[in-house]
Amino acid sequence: MRSLVVAVFVLLLCSTSSLAGDWKKHVVHEGEHCNAVVGGDFTGDGKVDVISNSGGKTRLFVGPSWTEYVIDETPGHSFIHAESFDVDGDGDLDFIGARYQPGLVVWLECPADPTAGPWTPRVVDQEINGIHGLLKGDINGDGKIDLLANSAQPVGPFPNSGAWLEVPKDPHSAKSWIRHIFANKDAPGLSHYLGVGDVNGDGRVDIAMGAKGGPQDTSGMGEWFTWWEAGPDPAQPFTKHELPGPHPGATNIQQADVDGDGDTDFIATRGHGHGVLWFENPGKADGVWRTHDINPLLQFPHCLQVLDMDGDGDIDAATCAYGSEVAAWFENDGHGTFTTHVVATGQRAYDIRALDMDRDGDIDLLIAGQQSKNVTWYENPCK
């Protein structure tokens, strides 16, 4: 019965959208429930590698053959989300993973030979709790990458909060990173993922989040998308601004100029509900943010990438909806009207990354298949 429902949904979706060619599926790993995946050149050979976490193990898959190396199997290191950047400034990419509850963020140091054995794990933070999303960005404008994480659970020293974490001078010896709380107990409702970008044009980096609400939300205060405005001192809590709602199942939100008018809008997904949408910045007009559907049909689009997918100069988006079992990207006409392009069916995901996996000059999609129990990437058919 479920297969019939999915088939009917896909038929309906495709009847109102265009297909942008056949995206070729490549399997990196399969057989285990996987929430988090990142891609990058971890081995320094100029080719894209993949790191994912599943079955209590963090694995490096060296591309393009996807030879597997277990780089961490520390008990308790089951990660719901991940990031990667050069934490210690030694010229290679390191891996950062987050456990939901009890909260834990760790970074794994990439060694001189990434395939030779375990990577050394070190604590980033273990006091924020309910960490569902990680995101990198320069929050204080010092030219160095910081890490954002939410603290979604209503318990612990930072309940219903959000934090950005500054890399210490010596991350090898520090017991934890420098924590700054931008959302101080004003983010109830089980927040999920984060977005960064200057929303109001003051030159400061603002932060956005979504919170799913629903039966697990004992506060009854979820189902929202919100952005927090940075002040002169980014180490102090930011000012909260709610976007129009409610949005049952709200999860992902990212900043971007969607309609090409020069100000910052938001693209968002209701990853525990239905739909991909965008919020139009009112600019200097009437001050009212307006909500526009991108695709209202997708069920549980629990991941989001926002970037120029087709190289035409405007902002597109991509997701994989685990309820609909559809991976798709959304082509922007430059003015905020989107066309849905189906990338794959039968794929159920929690995480998606957009990057050039085969170094052929176009953007591919890398997916952590949670309920599909796989890690796959889909090759862009553009030539």
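Predicted model: local features only at pLDDT ≥ 70, side-chain atom pairs only at ≥ 80, totals over all residues.
Residues are numbered from 1 along each chain as its sequence is written, and side-chain values use heavy atoms, with hydrogens and water left out. Local features need pLDDT of at least 70, side-chain atom pairs count only at pLDDT 80 or more, and totals for chains, interfaces and linings use all residues.

Let's start with the sheet. Four strands make up an open sheet, in the order 6-7-8-9, with antiparallel pairing. Here, strands are DSSP runs of E, at least two residues, numbered from the N terminus, and two of them pair if DSSP finds at least two bridges between them. Strand 6 (81–85) and strand 9 (120–125) sit at the edges with a single partner strand each, so one side of each has no neighbour in the sheet. Strand 8 (residues 104–109) and strand 9 run antiparallel and are joined by five bridges; V105, for instance, has D125 in strand 9 as its bridge partner.

Now for the largest pocket, which holds about 560 Å³ of space. A pocket is an open set of points on a 1 Å grid over the protein atoms alone, where a 1.4 Å probe fits, with protein on both sides within 12 Å along at least five of seven lines; lining residues have an atom within 4 Å of a point. Its volume is the space filled by probe spheres set on the points, which are joined across faces, edges and corners. The lining counts 29 residues, and E83, L135, K136, Q305 and R353 lie nearest the centre. Strand 26 (351–355) is among the strands that supply at least two lining residues, and its five residues are the largest share.
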